[in-house]
Amino acid sequence: MNILRLFIALCLMSLASTVALAASETINFGPASISLDLESIGSYTVEKGAPSSMDHKKPDFLYEIIPASITSDSFSNQVSLEVHQMSMSVPLYESISKKNTATGLEHCIEKSEMMPVGEDMKTENYTIDGHQGLLATINKDPENPLYIVAYSPDLRNGLGRIVCIVGSDLPWETTKSIFDSVSTNVA
């Protein structure tokens with residue numbers, strides 16, 4: 001009877017989070033799923049966070065953020081993912097307003113839960129999963145920068161409703177291999 005209880009407890013714990021040893025991981029966020037190769041970080045844990053919503057003003061639309069984090073069992077570093085879904089297609093490569101010169105992708109990075117408050121970011125164009133994206137480097141710790149890449153898998157004529165964001169504070173070589181392995185499917 002005790003063995004059965006132990007087995008049930010282990011099954012219930014595995015439902016709360018997924019511990020993985022495999023190289024490839026696919027996380028379903030609803031509007032999109034993101035697959036990535038995590039072999040370079042060893043064993044890890046995936047934890048999906050609760051979605052949050054907000055009303056965006058000028059332009060006026062609803063904005064939902066769906067987060068997940070991947071924590072390495074070997075490092076204190078982690079990989080963070082978010083899918084941002086807007087209720088309408090918005091310009092992603094133009095400034096979002098006359099007052100704010102940030103592009104839509106930059107704005108999504110700034111609004112992401114992984115972006116440290118008050119930190120400056122250096123951005124450059126970056127191709128991920130065959131999509132034109134934006135790579136932000138945040139030097140909150142010069143020895144260990146944070147890298148965040150944002151892209152829209154449903155981009156059409158400069159407009160998109162879905163923005164995928166992947167961040168990592170792992171060393172650049174490991175981060176780049178993870179970014180290079182990203183594959184996205186839109187629901």
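Guide: Begin at the end of the chain. Apart from its neighbours within four places in sequence, A187 is in contact with G30, P31 and A32. This is a predicted model, and that applies to everything we discuss.

Visitor: Where is A187 found, and is A187 buried or exposed?

Guide: A187 is found in the segment after β12 (183–186). Its relative accessibility is 80%, so A187 counts as exposed. A187 and S33 are 154 residues apart in sequence, while their C-alpha atoms are 7.5 Å apart in space.

Visitor: How many helices and strands does the protein chain have?

Guide: The chain has three helices and twelve strands. It has 187 residues, and 43% of them count as buried. Take the contacts with a separation of 6 or more: residues 24 or more positions apart account for 52% of those.

Visitor: Let us turn to the interior. What is the general idea behind a nonpolar core?

Guide: In soluble globular proteins, nonpolar side chains tend to be buried together. Here the largest nonpolar core has 28 residues, and F29, I34, L36, I70, V79, L81 and F179 touch the most other members. Elements giving two or more residues to this core are the strands β3 (32–37), β4 (44–48), β6, β7, β8 (122–128), β10 (146–151) and β11, together with the helix α3. Another core lies apart from it and has 19 residues, among them Y63, L105, A136 and I148.

Visitor: Which residues is I34 in contact with, leaving aside its neighbours within four places in sequence?

Guide: I34 is in contact with E25, T26, I27, F29, L81, V83, Y151, C164, V182, S183 and T184.

Visitor: And I70, where is that residue found, and is I70 buried or exposed?

Guide: I70 is found in strand β6. Its relative accessibility is 0%, so I70 counts as buried. Setting aside neighbours within four places in sequence, the contacts of I70 are I27, L36, L38, I41, Y44, T45, V46, Q78, V79 and L81. I70 also has a C-alpha atom separated by 9.5 Å from that of S168, a residue 98 positions away along the chain.

Visitor: How many residues of helix α2 are buried?

Guide: Helix α2 (residues 104–111) is mostly covered, with six of its eight residues buried. They are G104, L105, E106, H107, C108 and I109.

Visitor: Now the empty space. How does one look for a pocket?

Guide: Rolling a probe the size of a water molecule over the atoms shows where empty space is left. In this model the largest pocket has a volume of about 200 Å³. Its lining has 14 residues, and S69, Q78, S80, E113 and M114 lie nearest the centre.

Visitor: Which strands each supply at least two residues of the lining of the largest pocket?

Guide: Those strands are β6 (61–72), β7 (78–91) and β11 (159–168). The largest share, four residues, comes from β7. By type, the lining divides into five nonpolar, five polar and four charged residues.

Visitor: What about charged side chains that pair up?

Guide: Side chains of opposite charge can pair when their charged atoms come close. A search of the whole structure finds one salt bridge. In a salt bridge, the side chains of D180 and K176 meet at 2.9 Å, N to O.

Visitor: Where do D180 and K176 lie relative to each other?

Guide: D180 and K176 are four residues apart in helix α3 (residues 172–181), so about one helical turn separates them. D180 counts as exposed because its relative accessibility is 51%. K176 is partly exposed, with a relative accessible area of 34%.

Notes: Residues numbered from 1 in each chain as written. Predicted model: local features only at pLDDT ≥ 70, side-chain atom pairs only at ≥ 80, totals over all residues. Heavy atoms only, no water. 1 Å grid on protein atoms, 1.4 Å probe; cavity = no way out; pocket = protein on both sides within 12 Å on 5 of 7 lines; lining within 4 Å. Points joined across faces, edges and corners; volume = space filled by probe spheres on them. Nonpolar A, V, L, I, M, F, W, Y, C, P; charged D, E, K, R; others polar. Salt bridge = Lys/Arg side-chain N within 4 Å of Asp/Glu carboxyl O. Buried < 20%, exposed > 50% of the residue type's maximum accessible area, 1.4 Å probe, protein only. Core = buried A, V, L, I, M, F, W, Y, C linked by side-chain atoms within 4.5 Å. Contact = heavy atoms within 4.5 Å.
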